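Have the model on screen as you read along.

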There are 2 protein chains.
Amino acid sequence: MVHPFDPISDAELQLTSQLIKDATKGPEKPHFIQIDRLDPPKKDMIRYLEAERTGKPLPHISRMTYVYYYIGLDFYKALVNVTYGHIITNQKQPKGVIGPLIAEDVQEIEHLATTHPLVKAEIEKLKLPSHVRVVCDPWMNGTDSKEDRMLIQCYMYLANAAHPESNHYSLPLKFSPVFECRTKKFVRMDYLPGGVDETVTETQAWDEFPFVEYHPDLNGEAILPLKPLIVQQPEGPSFSVDGHKISWQGWEFFVIPTVREGFAIYDIHFKGRSVVYRLSLSEMTVPYGDPRAPFHRKQAFDLGDCGFGASGNSLALGCDCLGVIKYMDCRRVNTNGDSVLIPNTVCLHEQDGGLLYKHTNYRTNVPVIARRREFVVQTIATVANYEYMLNIIFDQAGEIRIHVRATGILSTMPLDKDVTVPWGTNVGPRVMAAYHQHMLSFRIDPAVDGYQNTVVFDDVIRMEKNTKLNPYNVGFVTERTVVEKPGYVEQSPFTNRSYKIINENKINPISKKPVAYKVVMPARQMLLADEDSYNNRRAQFATQQVWVTKYRDNELYAAGEFTNQSQTDTGLGVWARRDENVRNDDPVVWATLGFTHIPRVEDFPVMPVEAHEISLVPFGFFDKNPALSVPQSTQSFNKSQYFPESGAESSCCKSNL
Amino acid sequence: MVHPFDPISDAELQLTSQLIKDATKGPEKPHFIQIDRLDPPKKDMIRYLEAERTGKPLPHISRMTYVYYYIGLDFYKALVNVTYGHIITNQKQPKGVIGPLIAEDVQEIEHLATTHPLVKAEIEKLKLPSHVRVVCDPWMNGTDSKEDRMLIQCYMYLANAAHPESNHYSLPLKFSPVFECRTKKFVRMDYLPGGVDETVTETQAWDEFPFVEYHPDLNGEAILPLKPLIVQQPEGPSFSVDGHKISWQGWEFFVIPTVREGFAIYDIHFKGRSVVYRLSLSEMTVPYGDPRAPFHRKQAFDLGDCGFGASGNSLALGCDCLGVIKYMDCRRVNTNGDSVLIPNTVCLHEQDGGLLYKHTNYRTNVPVIARRREFVVQTIATVANYEYMLNIIFDQAGEIRIHVRATGILSTMPLDKDVTVPWGTNVGPRVMAAYHQHMLSFRIDPAVDGYQNTVVFDDVIRMEKNTKLNPYNVGFVTERTVVEKPGYVEQSPFTNRSYKIINENKINPISKKPVAYKVVMPARQMLLADEDSYNNRRAQFATQQVWVTKYRDNELYAAGEFTNQSQTDTGLGVWARRDENVRNDDPVVWATLGFTHIPRVEDFPVMPVEAHEISLVPFGFFDKNPALSVPQSTQSFNKSQYFPESGAESSCCKSNL
């Protein structure tokens, strides 16, 4: 039986595209961009989940899908009831609303960018030797003015002709054709600056210099010997899977791959109590700090412009994770309306997370010690040059960590000989990586012991000095502020400001305070693009770290539904300005995980991961450490070994557990 | 052959104490507190290491030790040349300088605290049933006035008489005897408040209520079944050990257990280039925010007051780490001058750190993928109630992570019925854990491509808006400030301030900038105790996050050499005020890793780890990613398995490496 949370099926996707094809009357066929299932209405789902939990008859919830498609230059969005097989709404979008990019279109442009006569003429001027080839990286256009056409900026590079894995990013060229994505028409040729201003030059014969390669066939590095480290789970994993529902160490939740977000996690319960209704990456924007045209338009919205699921890697056994691995797939539409399976875009597995707690009673030398087993839900998306690893990690103490790793290859710009620029790092000969930011918005739709929640923040402040109670001036206390209306909360690391989602209706019997989950996130520099810039106006979410809105169905994406070439944010920029109550109501928390990336030479030609985290931790949610039920860490369980030359040393685990 | 970095030997320790005994003329025997080897002079060591590297004759460096001891109430410090067997200096310390605590003394007080007639009389008043027993946690006195005696504040608790592992921290009593540590004399009885002010009451009969237990025998929890996850290294580890020198994946360094710091790491090289001369935890202070006497004096200095090595856990195979483990021991003196071995206080092993980098060429679907293998140097210290896990973690991309986990048991205060206080969290019935801070100072004595280094910091700032070069207001650049004199650098998270140790004499050929290592640390709330408090004056290091001093031998400890009941900081508070040049000289960086701990109910009765990190990453130190020599991550190497029910799914690692 299909669960309302289940991802879109092959049949549902095909029915959706068929209904749209059938409804299209004119001579032009629909050109599909994106289809996925629509989130079920939360109100209905709460009833459904409650019935499921109590064994009552399940209410009916229709399966719904959304579809984006073009007819000619007109962009449409339709909603389809795939349970009953009919279109609910089907609307041409206003001029200026531009749909996301889809792989088939981009590949066509990529091909054109090296074969179009005008580009070929430009390539001719390079007088390239036969051992190099030209490669194109197509980019979303970004925004610097009103533009109704969907444009693709083609950044051009050279690579070693003899090897398909040669790193073209090490050798950017100084011309960049622009194409119209729908018509595939050539729009113009941009020339790229190579110095400290916007001066450009005509294309010259290529002056040969070496590539910086990452592929082991090409990088010239001798492999450092490394001995295997194998994770064995001889008795199998500790989690079970029922459809898309996972049960592990007291946790229960649904993992649902989606084409836009990669995956979403629903109905998270721990030890029988609800924590989160829906957890997802809601948007990511990557604005660059190079002010020179056309680089000033480099601002990707990796979810809204492309789709994190659609860009998902097919994860491979033994390559991406260790141990016993469960995989889930993503399903997308192609431009013809066919269903395309991207296998294994989500992997689920356990890992060891070091120690979870330890205490040694120094009087008896008896330790109590538990290791932290973690359950990981992972997806890895390749957005052209960059890779993003998104891990949601659960532990046995009620913590949920949102762990992001950025890796892959820097998007590079050409440099003239002996030039350095103040907005970028030279990462190879005549190649520069501009400073940029990665701003990710995570949407946390909480259900802390129920659906009626409140967002608060606590500051830690000094007590008044030289008082009767504080004569030694050492005292400090916390000060709580309640978020009553939608909006944002400013960062305040020096008061140790911490954000909490509380349930004012449930008082912890021990602390005598409302039960809570804390949102832990370090203070970061937010969006650098000026308030008076498109980059800023398009991504309001990236200007503040913590946002609160009141829940409404279908408000899932922080920068709004359509981000490609958007002129303004239609997400938080709108929803967080509504004058309505969010206290003891149904608030949604949007947490911006942002980092400014000043590239290092060491980030090239492939970047060691840079990891960042947000975590959700119970804060007076339980009446004691919920991990006391974890088995003790013992040698009979873990089977470690002594270092060979130290075999004579003796040691014993004094715990007799 | 003994290496100058080697830890103190049994013979050296015994020779030291014997020389002191021999030199003691009066009737009173020396009462030993601490002996360890002295760091060799850096100037000599640089010559030594250079000779070692180039195969030249090694210069002679005498082995030296320091010794702290008491004769009666007089505190002495001596330096001993153990190579030639003579005392170099032997000085009675000024009145008011108080030595660290040593286990034998503390145990004696702990025993006295339940057997002294005056305490027994107080216990009598509790009219305890036979199933409970009284337990004492002795605390350093802290400082609230001038005090020449070394005092011990005995916090008293109840525990289950039937089990040695019963959690006494769940049941604090409301009286607290104070003893003089050297004479073991009873000083006074303090009575503890249980309400929102300092009102105290006479000891009453105990009104029974339940313990909150952590030990699996007692905690009443059913163990959640968990299947083994075993780390196998069938071909052994990838590191080698020669004495105390470790070689692993291009890294070379010495790991030296010390009685005060736990361990120090010396002469860190990566791929043949020097990075750090000496890396160590230099001090930790834990001030509490409860203003009520006597809690206002709760401020531990876990290194200076006790010693992190002396408090080290004997780590046990299969309990504290997975895989193939090498152990090292700590050696300390007892009060009689005998040598005491604390086995296995330091463990060294490899672990998997997830992915190190990945890039999937979307044109060919070929991934390049490497896992991050990590090398961990770990010590775990038990300082009465708390455990601290100190991990120094090396990876294959040149990164060094200082990873700290706090766990163990909260130090608790008694609460009257139905009371809550604004400076603490109720963590059980009538038991409160006061807000407090953990402030750790890490001493980084850098050697970035040589010993002549400079400390700088970079801010990321917006370019001027509406200019010819920045018409779209998106540009941003970095701004560098050079640290010329000793002092501190303020945090500035909103300008993404990053601290770097650079070598102005070595220019990276790619970036054209000086080679550098970046010190990555999130901005945190620093010491809350007011400037006008002893807590603050004693721990200047904890008021700022980044300090720079000019190197001098024997300046190792951030709050100064003697912290127990100190009235003022004799470390950074003095050294960072010297007016001298640190640019292109021999700077030392002191990084404060601080966190304000607002206890959660979930932190009791044993606390899930709270992890914090500082990392050192190469920043234009290499001419490309130094981890290209890491083998690719493949199934034949990693041997993962499919989740049982998903065996039908097929997947392949497209990489043919």
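**Entry 1**

I began with an open sheet of 11 strands, ordered 26(A)-25(A)-28(A)-29(A)-32(A)-20(A)-19(A)-18(A)-17(A)-16(A)-33(B), with mixed pairing. The edges belong to strand 26 (476-482) of chain A and strand 33 (641-642) of chain B; each has a single partner strand, so one side of each is left without a neighbour in the sheet. I took strands (E, at least two residues) and helices (H or I, at least four) as DSSP runs numbered from the N terminus, and I called two strands paired if DSSP finds at least two bridges between them.

Before going further, I noted that this is a predicted model, in which local features need pLDDT of at least 70, side-chain atom pairs count only at pLDDT 80 or more, and totals for chains, interfaces and linings use all residues. Residues are numbered from 1 along each chain as its sequence is written, chains are lettered from A and ligands numbered from 1 in the order in which they are written, and side-chain values use heavy atoms, with hydrogens and water left out.

Inside the sheet I looked at strand 18 (residues 366-383) of chain A, which pairs with strand 19 (residues 386-394) of chain A in the antiparallel sense over 9 bridges. Phe375(A) stands opposite Phe394(A) of strand 19 of chain A there. Helix 1 (residues 10-23) of chain A packs on the sheet, where it touches strand 16 (324-333) and strand 17 (339-361) of chain A, and its direction makes about 10° with that of strand 16 of chain A. For that angle, axes are lines fitted to C-alpha atoms, for helices over the stretch in contact, and angles run from 0 to 180 degrees between N-to-C directions.

**Entry 2: the two copies**

How does chain A lie on chain B, by what turn and what shift? I found a turn of 180° and a shift of 0.0 Å along the axis, with an RMSD of 0.0 Å; the two copies are thus related as by a two-fold rotation axis. The superposition is by least squares on the C-alpha atoms of residues with pLDDT of at least 70 in both copies. The same surface serves both, as 99% of the contact residues of chain A recur in chain B; contact means heavy atoms within 4.5 Å. Val231(A) is the residue of chain A that comes closest to the rotation axis, at 2.4 Å (C-alpha).

**Entry 3: the annotated residues**

I then turned to UniProt, whose unreviewed entry gives "active site" for Asp302(A) and Tyr386(A). They span 85 residues in sequence, yet no two of their C-alpha atoms are more than 10.2 Å apart, so they gather at one spot. UniProt also lists Tyr386(A) for "modified residue: 2',4',5'-topaquinone" (unreviewed entry). Positions follow the numbering used here, feature names are shortened, and annotations may be inferred rather than shown by experiment.

Tyr386(A) sits in strand 19 of chain A and counts as buried at 2% relative accessibility. Buried is under 20% relative accessible area, exposed over 50%, and partly exposed in between (1.4 Å probe, protein chains only). Beyond its neighbours within four places in sequence, the contacts of Tyr386(A) include His436(A), His438(A) and His597(A).

Asp302(A) I found in helix 5 (residues 302-306) of chain A, buried with a relative accessible area of 3%. Among its contacts, leaving aside neighbours within four places in sequence, are Glu283(A), Phe308(A) and Tyr388(A).

**Entry 4: strand 20 of chain B**

Is strand 20 (residues 400-408) of chain B mostly covered or mostly uncovered? Mostly covered: 9 of its 9 residues are buried. Ile400(B), Ile402(B), Val404(B), Ala406(B) and Gly408(B) point one way, while Arg401(B), His403(B), Arg405(B) and Thr407(B) point the other.

Strand 20 of chain B runs antiparallel to strand 19 (residues 386-394) of chain B, joined by 9 bridges, with Met389(B) and Arg405(B) as bridge partners. The two strands form a hairpin with 5 residues between them, and Gly398(B) in the turn has a positive phi of about 90°. Strand 20 of chain B also pairs with strand 32 (residues 607-618) of chain B, antiparallel over 8 bridges, where Ile400(B) has Leu616(B) as its bridge partner.
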